[in-house]
Amino acid sequence: MGAWELLLVGALIALGVCGVLVPGVPGSWLVWAAVLWWALKDPQPVAWAVLVGATAVLLLSQVVRWALPPRRLRASGATPRMAVYAGTGALLGFLLIPVVGALPGFMAGIYLHERLRLGGHGEAMAALRTTMGAGGSSVLAELFACLLIAGAWLGAVVWG
């Protein structure tokens, strides 16, 4: 697979990861479709292993999302700006503390947004609990799965 095709696959994966934070965009399915495209165009054992792993992670995240309460983020006061803060926090956490850092990074992003908006620690913590209870945990599960898949793909491309 050429460099331009790898760049397109990477762009589609990045679009899918961002799409998780946008309501109505099938972000996780875009990430999976990009990995499928890569595995079909570059049929090596590592590519197929990443595709199988991506499929398993995606299915597991769907089961987790169905077990969590339904999303009611708009009703809790979540805004697109909050999604940007949460997504940036998750990505930074994922990079700074590999893999598990996405979880506290996501919540730190929401907390930072609410702290800047509301001004106080207590109000920001209450807003964080409300947001996570209203569907933030569902978004976090899907975003974490997409970041895992993106990390596995990037690792396979760079080192595989």
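Where is the place of E114?

**View 1. E114 sits in helix α6.** The model shown here is predicted. Helix α6 covers residues 102-118. E114 has a relative accessible area of 1%. That value is under 20%, so E114 counts as buried. Which residues are in contact with E114, leaving aside its neighbours within four places in sequence? They are M82, G119, A124 and A127.

**View 2. The largest nonpolar core has 36 residues.** Five of them have the most contacts inside this core: I13, V17, V35, W38 and F106. Six elements are listed as giving two or more residues to the core. They are α1 (3-19), α2 (27-41), α3 (45-67), α5 (80-96), α6 and α7 (121-159). Which element gives the largest share? It is α7, with 13 residues.

**View 3. V35 is one of the core residues with the most contacts.** Residues up to four places away in sequence are not counted here. V35 then touches I13, V50, L51, A54, I149 and W153. V35 also takes part where α2 meets α3.

**View 4. I149 lies in helix α7.** Is I149 buried or exposed? Its relative accessibility is 3%, so I149 counts as buried. Leaving aside neighbours within four places in sequence, I149 is in contact with V31, V35, A54, V57 and L58. I97 gives a point of reference along the chain. I149 and I97 are 52 residues apart in sequence. In space, their C-alpha atoms are 16 Å apart.

**View 5. Helices α1 and α7 pack at an angle of about 165°.** Their axes are 10 Å apart. The angle is over 145 degrees, so α1 is roughly antiparallel to α7. The crossing of this pair is left-handed. Which residues of α1 meet α7? They are L6, V9, G10, I13 and V17. On the α7 side are L143, C146, L147, A150, W153 and V157. The residues of this contact divide into 10 nonpolar, 1 polar and no charged.

**View 6. L6 belongs to helix α1.** How does L6 count by accessibility, buried or partly exposed? At 22% relative accessibility, L6 counts as partly exposed. Leaving aside neighbours within four places in sequence, L6 is in contact with M1, W38, W153 and V157. Of these, W153 and V157 are listed in α7, and W38 is listed in α2. P80 is 74 residues from L6 along the chain. The C-alpha atoms of L6 and P80 are separated by 30 Å.

**View 7. Helices α2 and α3 cross at roughly 165°.** Their axes come within 9 Å. The angle is over 145 degrees, and therefore α2 is roughly antiparallel to α3. This crossing is left-handed. From α2, the residues that meet α3 are S28, W29, W32, V35, L36, W38, A39 and L40. From α3, they are V46, A47, W48, V50, L51, A54, T55, L58 and Q62. How many residues of this contact are nonpolar, polar and charged? There are 14 nonpolar, 3 polar and no charged.

Definitions and conventions. Residues numbered from 1 in each chain as written. Predicted model: local features only at pLDDT ≥ 70, side-chain atom pairs only at ≥ 80, totals over all residues. Heavy atoms only, no water. Helix = DSSP H or I, 4+ residues; strand = E, 2+ residues; numbered from the N terminus. Buried < 20%, exposed > 50% of the residue type's maximum accessible area, 1.4 Å probe, protein only. Contact = heavy atoms within 4.5 Å. Core = buried A, V, L, I, M, F, W, Y, C linked by side-chain atoms within 4.5 Å. Axes fitted to C-alpha atoms, helices over the stretch in contact; angles between N-to-C directions. Parallel < 35°, antiparallel > 145°, perpendicular 65-115°, else oblique. Left-handed = near helix turned anticlockwise from the far one by under 90°. Nonpolar A, V, L, I, M, F, W, Y, C, P; charged D, E, K, R; others polar.
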